[in-house]
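In these entries I record what I looked up in one structure. I begin with the ligand and then turn to the strands and helices.

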Amino acid sequence: MAAGVAANAAGVAANAGDWDERRAGGRGWRSTGDSSEKQGRAARGPAPDPPMFHVEHPSSAGTRVVAVANQKGGVGKTTTAVSLAAAMAELGRRTLLIDMDPQGNASSGVGVRVSPDRPTVYEVLVAGLDVVDAIEPTSVPNLFCAPATIHLAGAEIELVSVLSREHKLRRALEAVRGDFDVILVDCPPSLGLLTINALSAADGVVVPIQSEYYALEGLGALRRNAELIRAQLNPDLEIIGFVLTMLDGRTRLSQQVVAEVETHFGDQVFRTRIPRSVRLAEAPSHAQPISVFDPTSSGARAYHALAEEVLARLMLTPARSGA
Ligand SMILES: Nc1ncnc2c1ncn2[C@@H]1O[C@H](COP(=O)(O)OP(=O)(O)OP(=O)(O)O)[C@@H](O)[C@H]1O
Ligand SMILES: [Mg+2]
C-alpha cells in the first residue's frame with residue numbers, strides 16, 4: 001500500500017507538468033485524435049496554438065463525451081468508469097474522468113485526494129468556476145480527473161431553480177473539449193439532475209449491467225429517460241452499449257442473465273464481459289485503477305478489451321496497443 005502511494009505520487013508529479021501550464025497560461029495540448037501526428041509535430045517543434053475558446057460541433061472537435069450510467073446502485077458504474085478511463089489513457093488517448101457522484105468513489109479510485117482549497121465538480125456546476133481549475137493529474141499518464149466530494153449532493157437541490165440547470169456540465173466542458181480525446185463521466189445511482197447533466201453533455205452512454213437475477217430491472221426507465229433527454233435536451237445522445245459486469249461464468253444463473261440481456265439488447269451488448277474479480281474489488285482501497293494495481297489480472301485484461309471495443313464504437317481506434 002505504501003509503495004503504491006509513493007508510486008502514485010511520483011506518477012502524478014510526472015503527469016502534472018503540462019496541466020499546470022494549461023491552467024496558468026490557458027493554452028495547452030489540443031486533441032487531434034492522432035498520436036502519430038502529435039509525435040511528428042513534437043519532432044518538428046511546437047505547432048502554433050489554436051484559438052483557446054472556439055465552439056465546434058462535438059464530432060469535429062474529436063472529443064467524445066461518454067456517460068457511464070445506470071440508476072441502479074452497485075452495478076459497477078464507478079469500477080467501469082475508472083478502469084475504462086485508465087485503459088483508454090494507456091491506449092494513448094488523452095482522457096478526463098469526471099466524477100458526478102457525491103460519493104466521490106471515482107476520484108479516490110484514481111488516487112485523487114481533494115484538498116479544501118481546490119475546486120471540484122460542485123464549484124464548477126453551482127458557482128460556474130472554470131473546469132480547467134478543477135482538473136487534477138493522476139499517476140496514469142494521459143489520465144486526468146475532475147473530482148467530487150459529498151458537497152456535490154447539494155447541487156441537486158441548489159440547481160433546481162437555476163436557468164439551464166440541465167446544461168451546466170455541457171457548458172462547463174466546452175472549455176476543455178479540445179484538450180481530451182475522451183471524457184468519461186461517472187454518474188450517481190439516480191436519474192436526478194446530476195445524471196441528467198451527464199446525459200445532456202454526453203455523446204453517448206455506456207450502461208453497466210450487473211450479472212444477477214434482477215439485471216434488467218430499471219433499464220426500461222433508463223432508456224425512457226435517455227429518449228426524453230434526446231428529445232428535449234441532447235439530440236446527439238446515443239447508447240454506445242451495455243456491458244455485463246461481475247460475471248461469474250461458472251454459475252447457471254450468470255449464463256441465464258447473459259442470454260436474457262443479449263436477447264433483449266442484441267448487438268448493443270459489448271462482446272467483452274467483466275468477470276467478478278477480487279482484484280477489481282481491492283483496487284479502490286489502494287487508490288489505483290486495476291491496470292496499475294494488477295495489470296495482468298482478469299479484470300485488467302477485460303477492461304482493456306472493453307476500452308478497445310468502446311473506442312472502436314466511438315470510431316477512435318486505439319493510438320497504440322499495450323497494457
Ligand atoms: N467485476 C467486479 N468484481 C468484483 N467486484 C466488483 C466488480 N465490479 C465492481 N465490484 C465491486 O462492487 C461494488 C460496487 O461497484 P461500483 O462501486 O463500481 O458500482 P456503482 O454502480 O458505481 O455503485 P453506486 O451505484 O453506489 O455508484 C464495489 O465494492 C466494487 O469494488
Ligand atoms: Mg459509483
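**Entry 1: the ligand shell**

I looked up the surroundings of ligand 1 and found 20 residues around it, the closest being G73, K77, T78, T79 and P189. A residue counts as near a molecule or strand if its C-beta atom, placed from the backbone, lies within 6 Å of it. The model is predicted, and for this reason local features need pLDDT of at least 70 and side-chain atom pairs count only at pLDDT 80 or more, while totals for chains, interfaces and linings use all residues. Residues are numbered from 1 along each chain as its sequence is written, and chains are lettered from A and ligands numbered from 1 in the order in which they are written.

I then sorted the shell around ligand 1 by residue class: seven are nonpolar, ten polar and three charged. Here Ala, Val, Leu, Ile, Met, Phe, Trp, Tyr, Cys and Pro count as nonpolar, Asp, Glu, Lys and Arg as charged, and the others, Gly among them, as polar.

**Entry 2: helix α4**

Which helix gives the most to the shell around ligand 1? I noted that α4 does, with three residues. Both α4 (77–90) and α12 (278–282) supply at least two residues each. Helices (H or I, at least four residues) and strands (E, at least two) are DSSP runs, numbered from the N terminus.

I recorded that α4 has 14 residues and reaches 20 Å from its first C-alpha to its last, close to the expected 20 Å; the expected span is 1.5 Å times one less than the number of residues. In α4, 14 of its 14 residues are buried (20 or more other C-beta atoms within 10 Å of their own, C-beta atoms being placed from the backbone). G92 follows α4 and has a positive phi, near 95 degrees.

**Entry 3: the sheet**

I traced an open sheet of seven strands in the order β3-β4-β2-β5-β1-β6-β7, with mixed pairing. β3 (136–137) and β7 stand at the edges with a single partner strand each, so one side of each has no neighbour in the sheet. Two strands pair if DSSP finds at least two bridges between them.

Strand β6 (residues 204–210) is largely enclosed by the rest of the structure, because six of its seven residues are buried. Three bridges join β6 to strand β1 (residues 64–68) in parallel, and A67 has V205 as its bridge partner in β6. With strand β7 (residues 238–245), β6 pairs in the parallel sense over seven bridges; the partner of V205 in β7 is I239.

Definitions and conventions. A residue is buried if 20 or more other C-beta atoms lie within 10 Å of its own, exposed if 12 or fewer, and partly exposed in between; C-beta atoms are placed from the backbone.
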